[in-house]
Amino acid sequence: MSGTYEFDSAPTPEEAEKLVKRMSAGANLADQTAGTTTTTKDDKVLKIATFSLQKYLKEPEFAAEFLDRGGLESLCDIISKVSGNTLAYALNSFTSLMNHEASWNSLTEEFIGDIAHILVTETLVTICRPATAILIKVVCAADERSPAQAASFNNTNDENVIGYTALHKVLQEEPQLFPTLIQRLQSPDYALCLNSLTLLTSMLKHVTDDFRSELLENIDNSNTRKNVLRLMNNHPSEELKEQLLEFQSAMIHNADRRRKTQISMYNPRHAKMLNDIWEAAHVENIQVPGARKWRKLGFSSEVPHREFGRAGVFGLERMHAFARQNEDMFAKMILEQLHRQDGKRCPFAKASIEVTELLCSHWNITTGYIAAEFEPLLMNFDHVHSTTLQCFYRLFQDMEATTSDFSKVSALVRSQLRATLKSDGIKDIYEFNRVMMGTPYSVIRDRRLKELEWADDLLGREAIRNLRNRLNKQSFDFIKRQRISCLLQGAWFPCPQSNQRIVAMATGNSLSTSTAANAMTGGSLGGSGPNNSSSSSGKRWRYYKLSPSRKALMYGDFAEKYPLVIKSCDGLPNKVDLAQVMEIKPFSRKPSALNNALVTETTTSLSFALFADHNLPLAEFICSSSAQASEWKDGFSMLLDKGITSKDTAEYLHSLTEIGVKVKLLQIAGDRIEVPHGHIDVPPVPVGLGSGFYYTTD
């Protein structure tokens, strides 16, 4: 392009200053504020300057000089004044600056508001893409910023300009921002669709407790789920699929947070939902012996908020959604039950809470949930809850149950729900409705009789839930020991061949920031250790081994994989300080020509790296199998208390736990021991043992 800056090397400070001056002169900001428009020549100067900035601001040295010379203030003013391609170039430049520490100091509430307004009002994808990317950075900033960035906010109220709190204020001022993001999930522009979904996912991940309910109401009251399901069903690319799974996981994590939040009548939102349910029932004028208000709706007492137990606020929200979305059906269900005899009523509130717990149990809704595949029915939770609740009422009536048969009806519903959700033919909500509501009671009853009734009954009881939780912890500890044992034994891996690598110093030295910077700016592979120059010496294999102290990862580079196991760390001269590991995540890279005979192109699932701050790799692992990948990746993750990351290990943990539960149940069944529902009544202290005698639950 004529008139642009073309440099053979990184721009100099003088060139940075020249760009700043051209921007300031071209923007003519003072005149614009007074109402004077820029000339055609000024517009061209400004467009050329911002176009050049996109490239050069990626260079740390240039960005630092640019910031020191006041370029950021000019860039922010330009973003708030210009349009078209110039605005697109300026936004792209700002996204480059946000990757540098100093740029965070410039953020203001007004500027974030400007970005949101641009996102809502502009239609060009070249503008909307970087604007969305800036808001993603703002939402995630509190978790992603480095110590230096955090320190730069010591004298400012940073929570007003970064994190979800900042975006919440923007949502109040730009109410169309959320609908705009939902609409752009349908955009034919792939990057814009992906960015919009990423911003929504980031909001779900970083929302604070103060604003969680409001955000999730926006999700529930919009077409968010519908558009996400459409993307899931439209054969998404790997990148989009990964983000859709992240969205699904974030939704479940928020559901679990609400499930663990207890209801308070002092919370206006909780009180309003209960009042909405009461008003939708239309039974205030119906007299029922022994029931003043809440017992009419199927609560066990007149203190409803105490009965949600493990369902929490999530259970109240599902009950509220059913009552509001099916008002006529809900009122009819309540009225029909009130006209029955006291012992033959199906208690609505108790049934709704039970159905919520059944669904949460089936889908394992916990903070440890990691989406491995799309689950469309899970994304339609309210609809599934509604259908299952109606099935509960149908079975209660068909079996002519009494109030004391509630647990038996629940067992039938659980059996039908499990059979339906596990059926390969159930692909959408319509098939789910048909099977749940269309399967005759006799079929459900016969299937239930064929199951191991004693075991199935036990699985839903508190004693068994406690047993499962205890065995899950034992299984986790066992897997952790096994995975770390693999690290202590060590294993062979292909040598990393890229020169963009962090390589630890020789024994006795830990990785320093200067070493990291040198490696990232073109330092040769291997640093200063005698065995570090693997590419130059023909060494093709690296042996990694966790030190006995478990605080460092030792390694050495060799020409051959011999011996099979290196038992001592003495022959491994290099080390990585594990205290510097900030993140464990996959990577994908083609091997160099030197290593082509050893490995083919790797996939993300079999390759991962340990990263320090600033996204610098400390060690890379190209695994030979999925088993080795899960052992080593989760070995490091568990060692560093980061939990489980791979699907293989998660499934292994689940299998070990379930096997343990079944073994315990077989022992119980052999003795025909009955595991009770609910809490066990504590027997009186035996006579003569005094006040020092007590019972425990161990």
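# Report on a predicted protein model

Leaving aside its neighbours within four places in sequence, Gln628 is in contact with Ala491, Trp492, Phe493 and Cys623, where contact means heavy atoms within 4.5 Å. The model is a predicted one, in which local features need pLDDT of at least 70 and side-chain atom pairs count only at pLDDT 80 or more, while totals for chains, interfaces and linings use all residues. Residues are numbered from 1 along each chain as its sequence is written, and side-chain values use heavy atoms, with hydrogens and water left out.

## The protein as a whole

The secondary structure comprises 30 helices and seven strands. These elements are DSSP runs (helices, H or I, of at least four residues; strands, E, of at least two), numbered from the N terminus. Of the 698 residues, 49% are buried. Here buried means under 20% relative accessible area, exposed over 50%, and partly exposed in between, for a 1.4 Å probe and protein chains only.

The protein exposes about 34800 Å², of which carbon and sulfur atoms supply 50%. Such areas come from the Shrake-Rupley method with a 1.4 Å probe; for residues, only the protein chains shown count as cover. Among the contacts with a separation of 6 or more, 68% join residues 24 or more positions apart.

Two strands count as paired if DSSP finds at least two bridges between them. In general, strands of a sheet pair through backbone hydrogen bonds, either parallel or antiparallel.

E1 and E2 pair in the antiparallel sense over four bridges, and the partner of Pro494 in E2 is Trp541. Strand E2 (residues 541-546) also pairs with strand E3 (residues 552-558), in the antiparallel sense over six bridges. Within this second pair, Tyr543 has Gly556 of E3 as its bridge partner, and Tyr544 has Tyr555 of E3.

Is E2 enclosed or open to the outside? Six of the six residues of E2 are buried, so the strand is largely enclosed by the rest of the structure. Trp541, Tyr543 and Lys545 point one way from E2, whereas Arg542, Tyr544 and Leu546 point the other way. This arrangement may be read beside a general rule: in a regular strand the side chains alternate between the two faces of the sheet.

Axes are lines fitted to C-alpha atoms, for helices over the stretch in contact, and angles run from 0 to 180 degrees between N-to-C directions.

## Loops and selected residues

The hairpin of E2 and E3 has five residues between the strands. Arg550 lies in this loop and has a positive phi of about 65° although it is not a glycine. A positive phi, near 55°, is also found for Asn364, which lies in the loop between helix H19 (348-362) and helix H20 (376-379). In the loop between E3 and E4 is Pro563; the peptide bond from Tyr562 to Pro563 is cis, with omega near 0°. Arg465, by contrast, belongs to helix H26 (residues 462-489).

| Residue | Relative accessible area | Class |
|---|---|---|
| Gln628 | 13% | buried |
| Arg465 | 27% | partly exposed |
| Arg550 | 41% | partly exposed |
| Asn364 | 47% | partly exposed |

## A pair of packed helices

Helix H16 (residues 268-281) and helix H18 (residues 327-338) pack at an angle of about 75°, with their axes 8 Å apart. The two helices are therefore roughly perpendicular to each other. Angles under 35 degrees count as roughly parallel, over 145 as roughly antiparallel, 65 to 115 as roughly perpendicular and the rest as oblique.

H16 contributes Ile277, Ala280 and Ala281 to the contact, and H18 contributes Glu327, Phe330, Ala331 and Ile334. These residues divide into six nonpolar, no polar and one charged. In this grouping, Ala, Val, Leu, Ile, Met, Phe, Trp, Tyr, Cys and Pro count as nonpolar, Asp, Glu, Lys and Arg as charged, and the others, Gly among them, as polar.
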